[in-house]
Amino acid sequence: MTPLSGTPTVDLLVTGAAELLTCAGDAADLIGRIPGGGVAVDAGRIVAVGDVTGYIGRQTLDATGMVVMPGFVDCHTHVVFGGDRASEYVANAAGQQPPADASVGIVGTMADTRSKTVDQLVDDAAARIHEMIDAGTTTLESKTGYGLDSAAEARLLEVNARLAELLPARIISTYLGAHATAPGRDPKDWTVDILNQLPGVARQGAVFNDVYCDDGYFSLAQSRSILEEGARQGVRAKIHLDAYSHTGAASLAADLGAVSADHLNFTTDAELRELAAAGVTGVYMPCLEFAVNHPAPLDPHRLYKAGMDVALATDVCPGAWTTSMQLAIAMGCRTGGMSIAQAVRAATYGGACALDLQAETGSLVPGLAADLQVLDVPSHKHLAYRLGRNSTQTVVIGGAVIKAPAMKSAIGAGVE
Ligand SMILES: [Zn+2]
């Protein structure tokens with residue numbers, strides 16, 4: 001962008017990067033790679049990308065030799081929960097039965113979640129979200145779903161609202177009453193309660209309404225009634241579908257114009273084309289598949305072949321505890337065979353599409369929120385290559401520097 005007159009001063013200037021990735025929706029190479037590119041930020045928004053030598057920054061971030069890219073958008077998380085399932089996880093990995101007193105499955109987490117106060121749940125989730133921000137995530141979705149009665153689900157919506165207020169990340173709240181059914185209850189009865197709760201969830205901050213449609217969870221008819229009622233109440237559909245069986249819910253997602261369809265392991269190619277035609281983003285969660293040793297891992301190339309937009313997400317939950325989108329990229333590449341450009345785009349622009357936020361975040365494009373990160377590696381390829389490392393050195397959300405390297409004197413020094 002050429003300044004109109006003189007040398008404009010902006011709030012923040014990021015300069016000297018080895019490469020800048022815009023991850024713009026229309027980028028021909030998928031990631032909009034600009035060697036040597038910079039970013040100019042003012043009033044929380046991006047004002048220029050690429051050549052920013054015509055700007056003066058009140059604050060300057062020196063990204064010499066590093067990568068500048070959008071913050072990650074983690075579009076599918078169950079980050080609010082009580083307790084942990086470490087005993088179940090390690091027993092399962094070793095082919096053993098978990099100890100009798102171990103917390104097991106969604107039902108175990110439900111009990112641990114119900115036993116905690118709202119304050120405790122906020123503290124527990126905030127610790128995980130701080131890890132996410134530290135590893136470059138600037139926007140995340142947070143689902144309810146471990147309360148499994150109306151009162152407990154309402155408390156989880158309150159937790160989401162408190163987290164959004166307390167933490168610098170953008171936090172999008174999703175109501176997932178239809179995650180499972182509490183022991184001793186019939187999914188039919190619980191569905192009636194969910195339908196009765198839906199008129200209030202938008203007032204409690206929910207933006208999306210999600211259903212777990214699969215064998216043993218919620219039927220296609222139950223899922224339809226819940227998602228249609230949500231649409232009437234102003235909370236748009238997201239769907240967990242076909243993770244462990246073929247349900248036919250892909251057509252439902254296409255019909256309803258769901259913002260995303262997540263898992264898709266048993267979805268047919270014809271159904272994937274239907275989803276693509278309806279503009280539904282497909283969400284791929286390789287870390288979850290790894291953690292549960294999934295019997296039929298998704299081939300993300302099937303989504304691309306069908307013409308879908310693809311998002312990567314952590315699916316952080318008690319059964320797959322990772323807060324790192326960098327690990328999701330590494331696993332998407334090695335276990336899913338994604339190209340690094342596909343994976344980086346899916347972790348930024350794709351995630352934003354899965355939350356209908358692509359006009360606000362997920363790309364470095366003038367006009368969008370200044371949500372970005374600096375990686376202390378010479379190329380974005382290291383995101384796939386350095387397994388288990390956190391390469392995020394600096395995090396900026398809405399123009400505010402949230403994470404800065406302790407030793408770099410250039411940070412915060414300003415050059416006014
Ligand atoms: Zn999920």
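Is Tyr 146 buried or exposed in this predicted model? Tyr 146 is buried, with a relative accessible area of 3% (buried means under 20%, exposed over 50% and partly exposed in between, with a 1.4 Å probe and protein chains only). Because the model is predicted, local features need pLDDT of at least 70 and side-chain atom pairs pLDDT 80 or more, whereas totals for chains, interfaces and linings use all residues. Residues are numbered from 1 along each chain as its sequence is written, and side-chain values use heavy atoms, without hydrogens and water.

**View 1. Aromatic pair of Phe 81 and Tyr 146.** The ring centres lie 6.4 Å apart with planes at 75°, so the pair is edge-to-face (rings of Phe, Tyr and Trp, the latter by its six-membered ring, pair with centres within 6.5 Å; planes under 30 degrees apart are stacked, over 60 edge-to-face, the rest tilted). Phe 81 is buried, at 0% relative accessible area. Ring pairs link Phe 81, Tyr 146 and Trp 321 into a cluster.

**View 2. Aromatic pair of Tyr 212 and Tyr 217.** This pair is stacked, 4.1 Å centre to centre with 20° between the planes. Tyr 212 is buried at 8% relative accessible area, and Tyr 217 is partly exposed at 27%.

**View 3. Protein donors of the zinc ion.** His 76, His 78 and His 240 each donate through NE2, lying 2.0 to 2.1 Å from the zinc ion (donors are N, O and S atoms within 2.8 Å of the metal, or 3.2 Å for Na, K and Ca; water is not among the atoms, so sites may look incomplete). The spacing along the chain is H-x1-H-x161-H. Both His 78 and His 240 are buried.
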